[in-house]
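Here is a short briefing on a predicted model.

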There are 2 protein chains.
Amino acid sequence: MNIGEVSAASGLPIKTIRYYEDIDLIRPARGRNGYRAFSEADVHKLTFLGRARSLGFSIEDCRTLLSLYEDRGRASADVKEVARGHLARIAGKIEELEAMRRALEGLIDKCHGDGRPDCPILEGLARPAGAAGG
Amino acid sequence: MNIGEVSAASGLPIKTIRYYEDIDLIRPARGRNGYRAFSEADVHKLTFLGRARSLGFSIEDCRTLLSLYEDRGRASADVKEVARGHLARIAGKIEELEAMRRALEGLIDKCHGDGRPDCPILEGLARPAGAAGG
DNA sequence: ATGCCCTCTCCAGCGGCTGGAGGGTCAAGG
DNA sequence: CCTTGACCCTCCAGCCGCTGGAGAGGGCAT
């Protein structure tokens, strides 16, 4: 299988597949013409990688997950630990973003948003964080 | 004011301040010795930038916000539009992350996480997204 | 041989810093 | 006057995970 077909089959861009080879996530064979020759196993791995990435796992996590995936003697506890760590990072990011959202919504609500120059959003950015106007 | 004091006053790392000058967000004066000589206005701008960044605004948004901040004749509607756009991006990201979280939690819940190799997390990553085991 | 699409490698850039090398400046102390 | 040490300077490289583009070669139909 050439890279174009694999791209279509896995849903990953060609560039990404080459990149994954570059960082040693996959090691496709090579034909005499120099073209990458992907096996079914390569396609499975790439699909796996695509799903893991779409769940937000880092490349390093993906590397770990892939090696667990390939290790028939793995302990599921190891997989779970990686997943839990990632889940915690996601939860943290969500909290961060929700704090931003709350702060932004608070400012936006106060801004009349017309042609006049006075603007609580800019004032909020210019003042110390918690300082309510009073 | 030298960069160290400004860093302490604004809460921004020295490197970041230099970087902000590099990309023309601020234009501090220079002393005869080549040191940056910051005015109070520079410090205000940097503090403003720090707050905007902490709310997740991109550098380009910050550039816009800063120019609005400095423009006494601005329309608050313009500020509000920038903020609303950013809020929408944040909300989008939160949704994305929450979808990831739900998917991950679903997988993690199903994994017993012991020494045995069978693992619904890996299976979930190996199969098409919505395909429940049956 | 032509044309077209596929593939290859290598280099550069995105955002937003951050670290480090290698050097100049300034104030205090001896 | 000299040294010490904290500060400041510039420039380059790297982080992550790709992505775009240049320039060249391969494969197949006509």
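DNA strand D is surrounded by 16 residues, the closest being A:Asn33, A:Ile59, B:Asn2, B:Gly4 and B:Arg36. A residue is near a strand if its C-beta atom, placed from the backbone, lies within 6 Å of it. This is a predicted model: local features need pLDDT of at least 70, side-chain atom pairs count only at pLDDT 80 or more, and totals for chains, interfaces and linings use all residues. Residues are numbered from 1 along each chain as its sequence is written, while chains are lettered from A and ligands numbered from 1 in the order in which they are written.

**Surface near DNA strand D**
- α2 (14–22) of chain A, α1 (3–10) of chain B and α2 (14–22) of chain B each supply at least two residues.
- Helices (H or I, at least four residues) and strands (E, at least two) are DSSP runs, numbered from the N terminus.
- α2(A) gives the largest share, three residues.
- By class, this surface has six nonpolar, six polar and four charged residues.
- Ala, Val, Leu, Ile, Met, Phe, Trp, Tyr, Cys and Pro count as nonpolar, Asp, Glu, Lys and Arg as charged, and the others, Gly among them, as polar.

**Chain B against chain A**
- 48 residues of chain B contact 48 residues of chain A (C-beta atoms, placed from the backbone, within 7 Å).
- On the chain B side, α5(B) contributes the largest share, 21 residues.
- That side has 28 nonpolar, eight polar and 12 charged residues.

**Confidence**

Terms used:
Two residues are in contact if their C-beta atoms, placed from the backbone, lie within 7 Å.
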